[in-house]
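The structure is shown first.

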Amino acid sequence: MTIIYIKLFLRASIAFGFLSAVADRFGFWPEENSAWGNWASFLEYTQLINPWVPHNFIHLIGSIATLAEVLLAFFLIIGFKTSLVGKLSGYLLLIFGLAMTFTIGIKAPLDYSVFSASAAGFGLSLIHQKYLEVDTLLNKNE
């Protein structure tokens, strides 16, 4: 019984972490609590951790990352394909953490718990019990 609460906690913490980061890049957090504060600053950071990407593609990379975070968060909240979405979340966070490590050093991804969040996504993908997931409703209709 406890595992379903752990799974709910993992789903919520990863999802709301993604949504908080998206809210930050659109200026929805107060400035004193903000990492980027606006889209332009987020794109500057995206360029910083992706120096091999041509400047013309940074807006696209930032937009893709943002869309991925919103979609993954939504799917985690409703419980759609939770195992797959957990794995994809883990990979997205791992890529982000490695990009940070190789460009600005290991301290930032450790301080921001990027690797811990990535591990949480991978761990979530291993929990197969379903609770409060739309997949439960979809499987009943099959």
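## Packing of H2 against H3

Helix H2, residues 39–49, packs against H3 at an angle of about 105 degrees, and the two axes are 9 Å apart. The model is a predicted one. Because angles of 65 to 115 degrees count as roughly perpendicular, H2 is roughly perpendicular to H3.

On the H2 side the contact is made by Trp39, Phe42, Leu43, Thr46 and Gln47, and on the H3 side by Ile58, His59, Ile61, Gly62, Ser63 and Thr66. Sorted by class, the contact of H2 with H3 has 5 nonpolar and 6 polar residues, with no charged ones.

## Packing of H2 against H4

H2 also packs with H4: their axes come within 8 Å and cross at roughly 70 degrees. This makes H2 roughly perpendicular to H4.

Here Tyr45, Leu48 and Ile49 of H2 meet Phe96, Ala99, Met100, Thr103 and Ile104 of H4. The contact of H2 with H4 has 7 nonpolar residues and 1 polar residue, and no charged residues.

## Packing of H3 against H4

Helix H3 spans residues 58–78 and helix H4 spans residues 82–104; they pack at an angle of about 145 degrees, with axes 10 Å apart. The crossing of H3 past H4 is left-handed.

H3 contributes Ala68, Glu69, Leu72, Phe75 and Leu76 to this contact, while H4 contributes Val85, Gly86, Leu88, Ser89 and Leu92. By class, the contact of H3 with H4 has 7 nonpolar, 2 polar and 1 charged residues.

## The nonpolar core

The largest nonpolar core has 25 residues, and Ile14, Phe18, Leu76 and Met100 are those with the most contacts inside it. At least two residues of this core come from each of helix H1 (2–25), H2, H3, H4 and helix H6 (114–124). In soluble globular proteins, nonpolar side chains tend to be buried together.

Which residues does Phe18 contact, leaving aside its neighbours within four places in sequence? Phe18 is in contact with Glu69, Leu72, Ala73, Ser89, Leu92 and Leu93. Of these, Glu69 and Leu72 also belong to the H3 side of the contact with H4, and Ser89 and Leu92 to the H4 side.

## Residues with positive phi

Most residues other than glycine have a negative phi. Ser113 has a phi near 55 degrees, a positive value in a residue that is not glycine. Ser113 sits in the loop between helix H5 (107–111) and H6, and is partly exposed at a relative accessible area of 36%.

Leu132 likewise has a positive phi of about 55 degrees without being a glycine. The loop that holds Leu132 runs between H6 and helix H7 (134–140). Is Leu132 buried or exposed? Its relative accessible area is 59%, so Leu132 is exposed, the cut-off being over 50%.

## Helix H7

Asp135 is placed in helix H7. Asp135 counts as buried because its relative accessibility is 7%, and buried means under 20%. Not counting residues up to four places away in sequence, Asp135 touches Gly79, Phe80, Lys81, Thr82 and Lys130.

Leu138 lies in helix H7 as well, and counts as partly exposed at 37% relative accessibility. The C-alpha atom of Leu138 is 9.1 Å from that of Phe80, although the two residues are 58 residues apart along the chain. Phe80 is also among the residues touched by Asp135.

Notes
Residues are numbered from 1 along each chain as its sequence is written. This is a predicted model: local features need pLDDT of at least 70, side-chain atom pairs count only at pLDDT 80 or more; totals for chains, interfaces and linings use all residues. Side-chain values use heavy atoms; hydrogens and water are left out. Axes are lines fitted to C-alpha atoms, for helices over the stretch in contact, and angles run from 0 to 180 degrees between N-to-C directions. Helices (H or I, at least four residues) and strands (E, at least two) are DSSP runs, numbered from the N terminus. A crossing is left-handed if the near helix is turned anticlockwise from the far one by less than a right angle, and right-handed if clockwise. Contact means heavy atoms within 4.5 Å. Ala, Val, Leu, Ile, Met, Phe, Trp, Tyr, Cys and Pro count as nonpolar, Asp, Glu, Lys and Arg as charged, and the others, Gly among them, as polar. Angles under 35 degrees count as roughly parallel, over 145 as roughly antiparallel, 65 to 115 as roughly perpendicular and the rest as oblique. A nonpolar core is a set of buried Ala, Val, Leu, Ile, Met, Phe, Trp, Tyr and Cys residues joined through side-chain atoms within 4.5 Å. Buried means under 20% relative accessible area, exposed over 50%, partly exposed in between (1.4 Å probe, protein chains only).
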